[in-house]
Amino acid sequence: MISGIGKILTSNSLNNITSNTNSQVMLETTLKSIGRPGFILIDNEINEDTKRYAATKEFLYQATCLLIYATLVVPVFKRGAFKLAQKIFDKAQVGNFSSLKQYNHYLKLCDSSLNNRKMTLNKEIKGVYKVDQSGNKVNKLVKDDYDEIAVNELLKNEPNTFNDLKGTIELGNIVGSVFGLAIFAPQVSHAFIHPALRFLGLEKDKQASVQENSAKLDKNA
Amino acid sequence: MKATIVEKLRQTAHKLGINNKPTYVVMAIAAVKGICRPTFTMMDKKEDPKTKKYTAIREGLTELIAIPVYWGLGELSAKVAKKVLPPELHKKGAKNAMFIGVCVAALLVIPGLCSAAIKPIMGMFYHDKDSKSKTSASVLDIKSESPKLEIKDNSYNNLPIIKRPSIQNFTSRTEYGMKVGGV
């Protein structure tokens with residue numbers, strides 16, 4: 001039992017999620033979009049219509065958050081933080097990576113064992129070619145994408161993960177998450193949720209409800 | 001000045017790069033949400049002031065509950081993982097356990113606590129108003145059916161009963177208004 005829990009706790013897939021703020025927030029928002037409406041629906045003290053309305057509203061809010069997070073935070077704040085770090089910090093502290101994607105790949109290689117790393121570095125990239133010293137067209141290797149410093153680091157037992165760069169990206173991610181989920185999402189959801197609820201028939205149009213109320217009035221009185 | 005800011009940013013980034021706890025981001029989001037969501041609600045000019053105040057307190061309370069739960073459950077899970085796992089796996093396992101703790105908090109503990117605790121707390125704020133509204137509602141709960149009019153029995157001796165409408169059937173206001181002809 002305990003060894004099973006230990007295996008889960010130290011599994012690589014879980015570690016990949018926890019080492020990345022992006023996947024953490026995405027998963028947490030998804031869980032919120034299930035948990036909060038779920039608890040509203042099982043509340044016996046509220047009537048059925050109110051429950052359905054509140055649960056749908058909460059679900060739509062969390063779905064908006066997820067959408068905003070995926071479209072705004074990752075491309076803008078994460079890439080922005082990567083570029084900022086490359087600009088203001090010394091190359092020795094942040095390495096010489098051409099893109100965020102390349103740095104993420106580097107971090108994945110750092111997590112694997114030395115033997116796996118060596119094997120991966122010498123793998124050919126399908127469909128990508130280079131011209132060698134004798135002028136022949138040959139397949140490009142994974143290690144050809146990295147500069148000499150990065151390749152040397154990857155061949156060490158404990159490679160440098162360039163924590164300044166990693167931390168700046170995480171900081172950008174946290175700032176973006178806070179801005180996206182706590183400031184931007186409530187504004188967007190305010191404009192989006194009510195029309196969506198009206199479309200689903202859970203909220204009445206103001207004009208329609210005024211008309212309905214006036215129809216209920218006893219005009220003979 | 002610029003160099004100091006850059007250096008401070010580098011130091012913060014370095015610490016985050018070494019150890020970015022899963023609780024940091026969720027606590028930061030909850031803290032800013034706890035301030036911004038009620039503020040935005042109170043700034044809404046279209047909403048009724050009482051409704052605004054109620055919604056803002058409710059939103060603030062939700063995040064106020066969320067912050068210590070995220071922190072507490074995250075740290076607790078990490079401690080349990082450290083006890084269960086061998087020392088060489090402490091670092092990796094504790095961080096992953098902390099993340100599981102945060103997920104459990106988001107999925108079950110916070111929504112459960114909010115639905116259990118917010119109602120009584122809100123009841124403390126709105127206790128008097130609620131009881132007043134309940135009594136006034138019960139006082140006003142009057143059945144507004146019009147009086148049922150009986151058809152007068154006009155049977156006489158053994159003659160067959162012919163139910164004829166009396167003069168009472170032709171008026172809905174039997175007890176008041178101008179009466180003509182002394183009926």
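Colleague: How far apart do the C-alpha centres of domain 1 of chain A and domain 2 of chain A lie?

Modeller: First, a word on the ground rules: this is a predicted model, where local features need pLDDT of at least 70, side-chain atom pairs count only at pLDDT 80 or more, and totals for chains, interfaces and linings use all residues. Residues are numbered from 1 along each chain as its sequence is written, and chains are lettered from A and ligands numbered from 1 in the order in which they are written. Chain A is divided into domain 1 (1-91 + 164-203) and domain 2 (96-161), with bounds that come from an automatic or database domain assignment. The distance between their C-alpha centres is 33 Å.

Colleague: Which element supplies the largest share of the side of domain 1 of chain A that touches domain 2 of chain A?

Modeller: Two residues are in contact if their C-beta atoms, placed from the backbone, lie within 7 Å. The contact takes 6 residues from domain 1 of chain A and 4 residues from domain 2 of chain A. On the domain 1 side, α4 (48-88) and α9 of chain A each supply at least two residues; helices (H or I, at least four residues) and strands (E, at least two) are DSSP runs, numbered from the N terminus. The largest share, 3 residues, comes from α4(A).

Colleague: Now for the two chains: which element gives the largest share of the side of chain A that touches chain B?

Modeller: Here 37 residues of chain A are in contact with 39 residues of chain B. The elements of chain A that give two or more residues to this side are α1 (2-9), α2 (12-18), α3 (21-41) and α9 (163-199). The largest share is 14 residues, and these come from α9(A).

Colleague: What do the buried residues of α1(B) pack against?

Modeller: A residue is buried if 20 or more other C-beta atoms lie within 10 Å of its own, exposed if 12 or fewer, and partly exposed in between, with C-beta atoms placed from the backbone. In α1(B), the buried residues are Arg10(B), Ala13(B), Leu16(B) and Gly17(B); they cover an arc of only 130° around the axis, so they sit on the same side of α1(B), the arc being that of the directions from the helix axis to the C-beta atoms. On the other side, Thr4(B), Glu7(B), Lys8(B), Gln11(B) and Ile18(B) are exposed. The buried ones pack against α9 of chain A.

Colleague: Is Phe162(A) buried or exposed?

Modeller: Phe162(A) lies in the loop between α8 (148-154) and α9 of chain A. Its phi is positive, about 50°, although it is not a glycine. With 25 other C-beta atoms within 10 Å, Phe162(A) is buried.

Colleague: How many contacts does the stretch 130-139 of chain B have beyond near neighbours in sequence?

Modeller: pLDDT is the predictor's confidence in each residue, from 0 to 100. The mean pLDDT of chain B is 77, and 68% of its residues reach 70 or more. Where pLDDT is low, the predicted coordinates should not be read in detail. Over residues 130-139 of chain B the pLDDT is below 50, and the number of such contacts in the model is 0.

Colleague: What pattern does chain B follow along the sequence?

Modeller: Chain B has 5 helices and 0 strands. Read along the sequence, its pattern is α-α-α-α-α.
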